[in-house]
Amino acid sequence: MDAHVGEPSRSSEIGINPGKRRRLVQPVGGYGATDSVEGTSHIPNAEIRDGGSSRRNPDAPDGVLRTNEQEQYDEEEEGLKYGAQHVIKLFAPVSLCMLVVVATINSVNFYNTKDVYLLYTPFHEQSPDTGTKIWNALANSLILMVVIVLMTILLIVLYKKRCYKVIHGWLILSSFMLLFFFSYLYLEELLRAYNIPMDYFTALLIMWNFGVAGMISIHWHGPLRLQQAYLIFVAALMALVFIKYLPEWTTWVVLAVISIWDLIAVLSPRGPLRILVETAQERNEQIFPALIYSSTIMYSYMGTHHPDLLSNRNEASETGTSHQNVGEGTPLVRYIENRDAFDVCQLFALKTLSVEKERIYLPLAHGMSLIADSRKLFNISIIFLDNAAGFTEEWTTTNGPRSERRQVEVQANSTGNQNRPAQYRTVTTQSQPVQNYEPEPEERGIKLGLGDFIFYSVLVGKASSYGDWNTTIACFVAILIGLCLTLLLLAICRKALPALPISIFFGLMFCFATNAIAKPFTEKLAAEQAFI
Amino acid sequence: MTLPEFFGCTFLAFGPPLAMFIFTIAHDPIRIIILIAAAFVWLLSLLLSSLMWFAIVPLRDFTAFGLVFSVIFQESFRFLIYKILRKTEKGLQEVANSPQIIANKHILAYVSGLGFGIISGLFALMNILADAAGPATFGLKIGSPTFLLTSSTQTLLMILLHTFWSVIFFDSVDNSKHAKTAYVVVSHLFVSVMTLLNTSEMYTLTIGSSVVVTIITGIMAFITAGGSFVTFKRFATCK
């Protein structure tokens, strides 16, 4: 039973992007922990964003030459405009996750009874004395938080040292645990609660199929809906585990403490999550969505749009930097962000690109070559597609698949996975466009970490475990409003914000207030059939 | 009689609101958000009124006291959400995908009214429904056997009434027609106070009066929103 405490770590990353452009980043990826596997799984995300943006503004006045102010204004408006949709896109899965948890809590008694506790919570609050209980809860949550903080730091160290394999192994192992062992436990208790007999062979067959499909769709490819469903289920399962194995008051204290930790980790200048995200930006990589354990941050996946780049661009235009031999990502980016972007785009579009090993040779008009780490090329294409307004529509539409193919190739090289069969590449290339270009709205999805799902669901599930539906509904509404406010703040501040504190604060407040004050009142009204 | 009764009562109370939600709210994200915001505001009003009821200990046994104050709080919070929505109208315009939501002022009123109604309906009925699902049945040995039925009917009426009230209220405040504002408050008080008679099982009287008020208020809301007999006829004959 100890292993699952590590879970939250795996589970919670978030990224909503208030980035410069509030462009939504992670369409296919769904809500988070999706592309934790290296290499190709990152590609679809970038891709779609390209497709989305290029399709969206072929005729928009999004020139490369626009003034900053104007851009900012438009971005703001655009951000707001799509904001409402994004909020709903978060509401639906969050509500679904809570629904699963609440339904389970109310129908399966197993998750409501306390018998076994986590290893990390040695004090079991069994004394009838309130003072002792509070002391126990505080001590438990302190221990749990120390574990969480240590895990976060370990993660950052691993990430800084580029131990991707270790991190991915960690993620895969933990989702394996959830998808097989805890799902089996869940199935068993579900069958027991409804008194349904089932033989072991059938149960194992179901579990095998369920688990393997889940592993594939979470860590590799899968239909978007399936992937989302699995992620929601995994989050719900984790929330149930917390509800089951944490002592009563510890759960509440942990909820409060983890939101505070979230606040610190994201907002303080040396906060671990912040460091992690900034490192990811520096390296122009996806933050491992599945992995940031600490807790959910709503951090921008700013990608190419973070402030440094912006200043770079200004510098570049001042100095008139043009073609240069590029060894590192930034100068190339600078070049592209420069007003010559148009030329580069044409080069990309018209000339073939040779990819050799980790280097990319990009022929330039003046007989020079741009050499870039292939990893960085990934970003270039994003940039130039963002600025691709000047192209004909035809070009822009065909552009998506093309750049995608290129990126697949590039990525295949850059991951350095030499033993990956060549055939693999082609397969991915062909299959992806079909998969990625399906529904329009999906292209601009938002990422919300599974950690958010988990702790929101823990709160609502815990509230519902007292058997009062009014408290549950109040919690639910309060959390959604908190989420709304967080997103609104995100649009206003345009900086990284933690997703937990506002929602959890509202949720806790409404939970206790409803339970203590409103419950007797509404019960009295209901009993007397008086309607207010 | 547990599960069938549960489903029957659930759909009696929440079927029409669910249909209204699906056909008029669900397609527009901004409406969903406003609905939830309205629900939140109603929650605040409930908390305040129950705090009041809770704090004044000697009057705790008189439901009428808490009920009257609750109505007053709800109506003032209706005014509050009116103010909020009108203040943020400009922002909404930017956020909304369709200009319709601002062009037709009644949409905001309708959505927030439905939000009020749904959350109050949920609070009134959810616990009863949860108990109704089993294993016990209400009203076999004690209490009225129609308890569940009357409760869910009244809940449906309250949800519809809240929607109508908001439409009338927003419009009346917009055009400063104080009589209509007063009608909303008074009819809310009337319906709520009438439900106090439910304890003595005078269901015909309470539900009958609520139905009458609902119909009158519905017609008023319909006219307020620009409807007339001609438009109704056109609607009914699908022209």
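Biologist: Which residues of chain B does UniProt list for "transmembrane region"?
Modeller: The unreviewed UniProt entry lists several stretches of chain B, including residues 32-56 and 62-81; such positions are given in the numbering used here, feature names are shortened, and annotations may be inferred rather than shown by experiment. This is a predicted model, in which local features need pLDDT of at least 70, side-chain atom pairs count only at pLDDT 80 or more, and totals for chains, interfaces and linings use all residues. Residues are numbered from 1 along each chain as its sequence is written, while chains are lettered from A and ligands numbered from 1 in the order in which they are written.

Biologist: What makes up residues 32-56 of chain B, helix or strand?
Modeller: Residues 32-56 of chain B are 96% helix and 0% strand, with end C-alpha atoms 36 Å apart, where helices (H or I, at least four residues) and strands (E, at least two) are DSSP runs, numbered from the N terminus. Over residues 62-81 of chain B the figures are 95% helix and 0% strand, and the end C-alpha atoms are 29 Å apart.

Biologist: Why is A:Leu171 called buried?
Modeller: A residue is buried if 20 or more other C-beta atoms lie within 10 Å of its own, exposed if 12 or fewer, and partly exposed in between, with C-beta atoms placed from the backbone; A:Leu171 has 23 within 10 Å, so A:Leu171 is buried. A:Leu171 belongs to helix 5 (residues 164-193) of chain A.

Biologist: How many residues of chain A are in contact with chain B?
Modeller: Counting two residues as in contact if their C-beta atoms, placed from the backbone, lie within 7 Å, 32 residues of chain A are in contact with 41 residues of chain B. Helix 18 of chain A gives the most to the side of chain A that touches chain B, with ten residues.
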